[in-house]
Amino acid sequence: MADTMTLPRYLLRNARQFADRPAIREKDRGIWQTYTWRQYHDHVRDIALGLAALGFTRGGKLSVIGDNRPRLYWSQVAAMCLGGVSVPVYQDSIAKELAFVLDHAEVSVVVAEDQEQVDKILALKSQLPALRLVIYEDPRGMLQYRGADLKSLDEVEELGRRFAAEHPGHFEREIEQGRLDDVALFAYTSGTTGTPKGAMLTHANMVETGQTLAKSEDIRLDDDWLAYLPMAWVGDSLYTLVVNLMVGFTVNCPESPETVQRDLRELGPTAVLAPPRIWENMLTGVQVRAADAPRLKRWVFEWSRAAAERAEILKSEGTPVPLGLRLRLALGNFFVYGPVRDQLGLRQARWAYTGGAPLGPDTFRFFRSFGVNLKQVYGSTELTGLVSLQPDAEANPTTAGRPCPGIDVKIGERGEVLVKSAGVFKGYFKNEAATREVIDRDGWFHTGDAGFLDPRGHLVIIDRAKDVGALADGTAFAPQFIENKLKFSPYIREAVAFGHDQPFVTAMIAIDPNTVGSWAERRGVAYTSYNDLSQKAEVRRLIGEEIGRGNETLPEAQKIRRFLLLTKDLDADDAEMTRTRKVRRRYVVEKYAPVIEAFYSGRDSVELTTAITYEDGRQGTLRSLVHVQDVEGAAVRV
Amino acid sequence: MSTLLQIQEVSKAFGGVQAVNRVSLDVNRGDLISVIGPNGAGKTSLLNMVSGFYHPDHGRITLDGADITHAAPSRIAERGVARTFQNIALFRGMTVLDNLMLGRHVHMKTGVLGAFVYWGLAQREEVTHRRRVEDIIDFLRIQDLRRRPTGSLAYGLQKRVELGRALALDPKVLLLDEPMGGCNHEEKEDMARFILDVNEEWGTTVILIEHDMGVVMDISDRVAVLDMGAKIADGTPDEVRANPEVIKAYLGDAKGTTERRHG
């Protein structure tokens, strides 16, 4: 076996070496249907030759749209076998985004999961001059659809089998021609800033990143993996396509997006990757069920949970766990941790990743203390999805992990994280200027994230680089880093931190009306509205304590000294946030200029006049005197 | 196309109220026919006579040439007529899966004794029927609901499960009594899609009672209009839309019967 091969060559190897081993499963009609590597290979071959018969040639672009389905993965590999490029797109993209990507990528063939997706593509056809063929996987509802440019995947495979009879050896010859520096995948960035950009990833990018991952993590041939994250996301391509082809383990496709939780439990995959939102949902689910349990069960749960958390803290401090606690852990594992892991489908998971956004330390600790080997991973599309991850013994909620072997990380100007690795992409498709902006002359990729390497050698990501400023004395100031710490509190919904060119850090807080509301009810604090609730002295005290807790984990210079509670939540309708709930920093600074002035002039109240937009579009103003509060234990240094 | 269901001059009175008055309707194999009309026009009564819940006072109903005018509902179901109800009639405490399996009941042959022993015939039979039920679950996209008690489901989903149970019968004729009543826009769209797919792909003949004119005109091959128990129009959606009698029944005449689309 050559050390590095193109992905299709791995497929040929697997068909020989792992012929009868399960390659991919799909839950259909309530039963896991298994395809072996030989079947995987045969389907890819038939689809590829069918595409060849229909005129798909080297350099062609094929797009897949739909949920995770074996046949959509096969179609991507089939395109790569012919020297083509796979362009997976998000199945829930709105028409405008979809049209942009398909047109920009010059996609000639789209493989759509079902009628719903076909309809979307057909509606955009006039805007897609390069599109020649739409292939659908599920024939349901397609009876009335006609057209030479519309085919079912079964038809394509049939064409492929006929083509094979007329052109023996064509498939293998095409694979033979493939080179490692051929582009295999366009991964479009989600486009929070401007239009999406198509990152070109080569076979070498993907295979070498796959090898890096396989070297850093314990990945085995008999692993089971659940493919449920969007195919258009580079992380799914890396694991479900690339690492799967390289290692030969089994990928499992859930029955439908709604059944993922149940399928996860049924399958018990040996490794799990999930964004913070899913871990948080799982934890909430556990807490709700514990709260609803009968008193005895609830007591056992809480008793075990307390033991687990204490042990976790001791372990992270490097202190040995006393015998009594170990005994409690053993009991807890039998009665609580094991069953909970089992319920969540994490019982067989040797490792689990969270990435993409910060995960609250409490959530992180909960899973670790319950015996889930949860770790952080960091990567980006342009780096084929992998930069750093946490080794088992070094898992912690604050870092993004240790850069993987072969991946060089350094900190550039303004604390920007720069990366050089075999995974650095070839460039953005048809956007030379943007490529030059992010890859410098020496080949370092500029991630746009600000961070640092801690003494252990772990990478810590603090913010987007362009948002990082400096306090008046020159200390770096990363607003998002501070805001995330605050938002880990259940009572704080949104936070905006100020400090650029100022002597200290301050924050505007929007409380979470649900949690603070029920907190107030439990304490008999009566309130009428969000406005009223936010200005209660008790609530100010509560949030002050929460900020104090956040301050404990912040360096001295970055501690929040003063804060104020907004009389309304930050809102996209008021242009304070984007629709994806990211603070529009520049606008907020302008709009809340009097607040900032009050923070730093030492005044203890400010009149807040906010224009608000009601849901029916009416405009109104809300005028109120708002207290500016000092945070206890973090008094202003003058 | 051959006539599958023939309704000839049927009438039904309840006390002094003439609910259905000499209505005739020929339904061809593979048709998707909608029956519309203001509230109290006799639509549901007509459906009830086809499914054997009521027996007509006069007239004759034949299915595939066989007279079913006075047959019991169970016999009619065995002959391949399935229905859903205006007010959902599922077993609320039972799971979706069990409700659907129950829909296969007319196809099950194992007796009480055989079922008690289970292994052997009953087990094989259960597997066969489960396979069919799984097709329906896949078709209706309710894979995530298999083990949920139907009573705990949202209204729109209960409607979908009820359609599923009717489909489990493998019907020749599917009678749908306001399958979209009380559903939101998205649920309506889904339901319309399912009805079209059943009709097109499985070739099932469908008779639909529905108030949403947009849906009716969009998906039906033919529309029959009832008013005050009598059929006043029958034709393609375009013909019916242009029919002055229909406009009068719907938009009201001088006496002031008003339009009621969501009764």
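How many bridges join S8(A) to strand S9 (residues 198–202) of chain A, and in which direction do the two strands run? The first legend answers this.

The views come from a predicted model, in which local features need pLDDT of at least 70, side-chain atom pairs count only at pLDDT 80 or more, and totals for chains, interfaces and linings use all residues. Residues are numbered from 1 along each chain as its sequence is written, while chains are lettered from A and ligands numbered from 1 in the order in which they are written.

**View 1. Strands S8 and S9 of chain A are paired antiparallel.** Five bridges join S8(A) to S9(A); two strands pair if DSSP finds at least two bridges between them. Helices (H or I, at least four residues) and strands (E, at least two) are DSSP runs, numbered from the N terminus. A:Val183 stands opposite A:Thr202 in S9(A). Six of the six residues of S8 (residues 183–188) are buried, so this strand is largely enclosed by the rest of the structure. A residue is buried if 20 or more other C-beta atoms lie within 10 Å of its own, exposed if 12 or fewer, and partly exposed in between, with C-beta atoms placed from the backbone. In a regular strand the side chains alternate between the two faces of the sheet.

**View 2. Helix H3 of chain A spans residues 70–81.** The helix has twelve residues and reaches 16 Å from its first C-alpha to its last, close to the 16 Å expected at 1.5 Å a residue. The expected span is 1.5 Å times one less than the number of residues. Twelve of the twelve residues of H3(A) are buried, so the helix is largely enclosed by the rest of the structure. The buried residues include A:Pro70, A:Arg71, A:Tyr73, A:Trp74 and A:Cys81. A:Gly83, with a positive phi near 80°, follows H3(A).

**View 3. A:Arg350 sits in a loop of chain A, between helix H13 (323–344) and strand S13 (351–354).** With 15 C-beta neighbours inside 10 Å, A:Arg350 counts as partly exposed. Leaving out residues up to four places away in sequence, A:Arg350 touches A:Asp218, A:Thr270, A:Ala271 and A:Asn373. Two residues are in contact if their C-beta atoms, placed from the backbone, lie within 7 Å. A:Arg350 and A:Asn373 are 23 residues apart in sequence, and their C-alpha atoms are 6.5 Å apart in space.

**View 4. Two residues that are not glycine, A:Lys430 and B:Asp64, have positive phi.** Most residues other than glycine have a negative phi, and most peptide bonds are trans. A:Lys430 has a phi of about 55° and lies in the loop between strand S19 (427–428) and helix H15 (432–438) of chain A. With 13 other C-beta atoms within 10 Å, A:Lys430 is partly exposed. B:Asp64 also has a phi of about 55°, and its loop runs between strand S4 (58–63) and strand S5 (66–67) of chain B. B:Asp64 counts as partly exposed, with 15 C-beta neighbours inside 10 Å.

**View 5. Domains 1 and 2 of chain A meet through four residues on each side.** Domain bounds come from an automatic or database domain assignment. This assignment divides chain A into domain 1 (7–270), domain 2 (274–347 + 363–373), domain 3 (383–419 + 432–464) and domain 4 (468–630). The centres of domain 1 and domain 2 of chain A, taken over C-alpha atoms, are separated by 38 Å. The side of domain 1 that touches domain 2 in chain A has two nonpolar, one polar and one charged residues. Ala, Val, Leu, Ile, Met, Phe, Trp, Tyr, Cys and Pro count as nonpolar, Asp, Glu, Lys and Arg as charged, and the others, Gly among them, as polar.

**View 6. Chains A and B touch through ten residues of chain A and eleven residues of chain B.** The chain A side divides into one nonpolar, five polar and four charged residues.
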